[in-house]
Amino acid sequence: MELKHWQQEMESELIDNILSFWLKHSLSEQDGGFIGRMTNDLKVQATADKLLVLNARLLWTFAAAYRRYKTPDYLEVADRAYRYLMDRFYDREHGGFYWLLNDKGEPVQTKKQIYGQAFVIYAFSEYVRACPNDEVLQQAVRLFEQIERYSYDPEYKGYIEALDCNWQETEDLSLSSTDLNEKKSMNTHLHVLEAYTNLYRVWPVEQLRKKQAELIVTMIEKIVDEQSGHFKLFFDEQWHSKSHEISYGHDIEGSWLLLEAAEVLGDEPLISRAESVALAMAQAVYEEGVDTDGAVVNEAGPNGWTDTDKIWWPQAEAVVGFLNAYQLSGKEHFLQAAYRTWRFIDRYIVDKANGEWFWKVNQAGEPSLEAMKIDSWKCPYHNGRMGFETLERLEKLVKQ
């Protein structure tokens, strides 16, 4: 493995495939936003709903791309995404952002899903990093304050999954049809953590520092299973675990996001604690979740693997997570694991015919052609971020 060559491959994938695909194919001429769904063979499904997550992630991706490359086209997409979020998703009466719009840009699910609010903070913070703007920053700060006012649990710590349009309690808590309808989840806390990390970069105030430090500790003590090195996924209000599944993609993603959160705060005791957790989680995924082809399988239960598909986003997160573990430990097997996952992505996950990535391939490496190329959850956030993160890390390693 030659790090400089890997770096060149990664930059080409990021610019020439991932970002260029979304520039070319994702813009909707109907309403100034983005299309909601496209099939793998590039047919637009014009009547598809539009999820807050897709739009916020597009803003984050193209703001991050503009911050790195200063390409005007990237800024245009980021501007477009910000305008659409504020024009269509923003709740002008109650604050916060609607969860789902129809194809005409009208709200059809008005609940305040905290996962979605977190992605707006993440995106707005990145937009401010790319183009400093006090109005955008204040929008992110107001959203942080609303999450803290309405979703934070002062008794047991952490955050309630969702609230209704008026920020009041709701029985409709689940993120999607595949998620449990429980008060708290790993996934929401992971992305609140990620959002607060990015917000702290542009708004380093004591109030946010304290909340983020508490959240890091809550995740380590309540969500990470110390014995197994895996995340527990769903909880009731008092942090009783409600599931036994293992999500290897979230484990390896969380390993580096937890450490990043502590590093951005600059809290040395927390950094030390997060380092050991990150290494334990990365090692657990390395030992239990990686197939013989170098790819990360999707899920396991108490008796072993339950879903052996290789989905696009855990592969992207594995490249970053294993590379992070190598930088922390100097252990060669982590570097090799990151590179092997990248080779798998390039061979099987990248769609060489139609562009971007397949949603998933099976254990034989055969792509699922019926899965969408663009939809509410299929976007350039995971693989785009893999590009940005891997390039930054490889640049440091090449210099050493």
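Student: How much space lies in the largest pocket?

Tutor: About 780 Å³. This is a predicted model, where local features need pLDDT of at least 70, side-chain atom pairs count only at pLDDT 80 or more, and totals for chains, interfaces and linings use all residues. Residues are numbered from 1 along each chain as its sequence is written, and side-chain values use heavy atoms, with hydrogens and water left out.

Student: Thanks! What counts as a pocket, and how is a volume defined?

Tutor: On a 1 Å grid over the protein atoms alone, a pocket is an open set of points where a 1.4 Å probe fits, with protein on both sides within 12 Å along at least five of seven lines; lining residues have an atom within 4 Å of a point. Grid points are joined across faces, edges and corners, and the volume is the space filled by probe spheres set on them.

Student: Which residues are closest to the centre of the largest pocket?

Tutor: Ser-176, Thr-178, Asp-179, His-250 and Trp-313, out of 27 lining residues. The elements giving two or more residues to that lining are α6 (186-202), α8 (248-265), α10 and α12, and α6 gives the most, with three. Helices here are DSSP runs of H or I with at least four residues, strands are runs of E with at least two, and both are numbered from the N terminus.

Student: And by class, what is in that lining?

Tutor: It has 12 nonpolar, 10 polar and five charged residues. Ala, Val, Leu, Ile, Met, Phe, Trp, Tyr, Cys and Pro count as nonpolar, Asp, Glu, Lys and Arg as charged, and the others, Gly among them, as polar.

Student: OK, how about the second largest pocket, how much space lies in that one?

Tutor: About 500 Å³. Of its 22 lining residues, the closest to the centre are Arg-201, Glu-260, Glu-389, Glu-392 and Arg-393. The lining divides into seven nonpolar, three polar and 12 charged residues.

Student: Which helix supplies the largest share of that lining?

Tutor: α12, with six residues. Helices supplying at least two each include α2 (52-69) and α4 (114-130).

Student: Back to α6. Is His-191 in that helix buried or exposed?

Tutor: His-191 lies in α6, and it counts as buried because its relative accessibility is 2%. Buried means under 20% relative accessible area, exposed over 50%, and partly exposed in between, using a 1.4 Å probe and protein chains only.

Student: What does His-191 touch?

Tutor: Leaving out residues up to four places away in sequence, His-191 touches Tyr-115, Ala-118, Phe-119, Glu-253 and Tyr-381. Contact means heavy atoms within 4.5 Å. The C-alpha atoms of His-191 and Ser-176 are separated by 15 Å.

Student: New topic: how far apart are the end C-alpha atoms of α11?

Tutor: They are 25 Å apart, which agrees with the 26 Å that the 18 residues of α11 (332-349) should span at 1.5 Å a residue. The expected span is 1.5 Å times one less than the number of residues. Among the buried residues of α11 are Phe-334, Trp-342 and Ile-349, and what covers the buried ones includes α1 (3-25) and α9 (268-288).

Student: Last one, sheets. In what order do β1, β2 and β3 sit?

Tutor: They form an open antiparallel sheet in the order β1-β2-β3. β1 (50-51) and β3 (107-109) each have a single partner strand, so one side of each is left without a neighbour in the sheet. Strands pair if DSSP finds at least two bridges between them. Lys-50 stands opposite Leu-101 in β2.
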